[in-house]
Amino acid sequence: MESIGALKEYVAASTAVLIMLGNRQYFASANCRTEMDTARKEKKPLCLVHESDPQKNGAPLSDLKAACPEELRSFIFEGRPVVPWHRVYAFQCVSMIAIA
C-alpha cells in the first residue's frame with residue numbers, strides 16, 4: 001500500500017479481512033492496527049489463521065491474545081474460530097478449505 005489512507009480504503013472495500021496470527025509484533029504494527037481498527041469500524045468478518053511453529057515466526061495463541069490491544073481483543077478473538085496453519089501439505093489443504 002502506498003499510504004495508510006489506501007489501506008483503510010482497501011479494508012473498507014474488502015468483503016472480509018484475513019489475519020495471520022504468528023508474530024507477537026503483529027499487534028504493534030501501525031499498519032496492522034489500522035487494518036484491525038478499520039475492520040472493526042466497518043464490521044468486516046475476520047478469518048484468523050494461526051502459525052504456532054516458533055521456527056516459522058509463530059507463537060502460542062495465548063501469547064498472541066495477550067499481545068493484542070485490550071480494546072480490540074474481543075473483536076479479534078471472541079466468537080470466531082482460529083484456523084491452524086501447519087507445514088504438512090495435506091493439513092495445509094484442510095486449512096485452505098477452512099479459510100475459503
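**Figure 1. Asn57 in the loop between strand 2 and helix 3.** Let us start with Asn57, which sits in the loop that links strand 2 to helix 3; helices (H or I, at least four residues) and strands (E, at least two) are DSSP runs, numbered from the N terminus. This is a predicted model, in which local features need pLDDT of at least 70 and side-chain atom pairs count only at pLDDT 80 or more, while totals for chains, interfaces and linings use all residues. Residues are numbered from 1 along each chain as its sequence is written, and side-chain values use heavy atoms, with hydrogens and water left out. Asn57 has a phi near 70°, a positive value in a residue other than glycine. Most residues other than glycine have a negative phi. With a relative accessible area of 46%, Asn57 is partly exposed, because buried means under 20% relative accessible area, exposed over 50%, and partly exposed in between (1.4 Å probe, protein chains only).

**Figure 2. Lys56 and its contacts.** Lys56 also lies in the loop between strand 2 and helix 3 (61-67). Its relative accessibility is 44%, so Lys56 counts as partly exposed. Leaving out residues up to four places away in sequence, Lys56 touches Glu51 and Arg87; contact means heavy atoms within 4.5 Å. Lys56 and Arg87 are 31 residues apart in sequence, and their C-alpha atoms are 9.4 Å apart in space.

**Figure 3. Lys43 in the loop between helix 2 and strand 2.** For another positive phi, look at Lys43, a residue other than glycine with phi near 55°. Lys43 is found in the loop between helix 2 and strand 2. Its relative accessible area is 72%, so Lys43 is exposed.

**Figure 4. The largest nonpolar core.** A nonpolar core is a set of buried Ala, Val, Leu, Ile, Met, Phe, Trp, Tyr and Cys residues joined through side-chain atoms within 4.5 Å. The largest one has 17 residues, of which Ile19, Leu21, Phe27, Met36, Leu46, Ile76 and Phe77 touch the most other members. At least two residues of this core come from each of strand 1 (17-21), helix 2 (30-41), strand 2 (46-51) and helix 4 (70-77). Helix 4 gives the largest share, four residues. Zoom in on Phe77 and you will find Leu21, Phe27, Leu48, Leu61, Leu64, Lys65 and Cys68 in contact with Phe77, not counting residues up to four places away in sequence.

**Figure 5. Helix 2 packed with helix 4.** The two helices pack at an angle of about 65°, with their axes 11 Å apart; axes are lines fitted to C-alpha atoms, for helices over the stretch in contact, and angles run from 0 to 180 degrees between N-to-C directions. Helix 2 contributes Arg33, Met36, Asp37, Ala39 and Arg40 to the contact, and helix 4 contributes Glu71, Leu72, Phe75 and Ile76.

**Figure 6. The protein behind the close-ups.** To place these views, note that the protein has five helices and three strands, running α-β-α-β-α-α-β-α from the N terminus on. Buried residues make up 36% of its 100 residues. The average pLDDT is 84, and 85% of the residues score at least 70; pLDDT is the predictor's confidence in each residue, from 0 to 100. Among the elements, helix 1 (residues 4-13) has the lowest mean pLDDT (64), and strand 3 (residues 82-85) has the highest (92).
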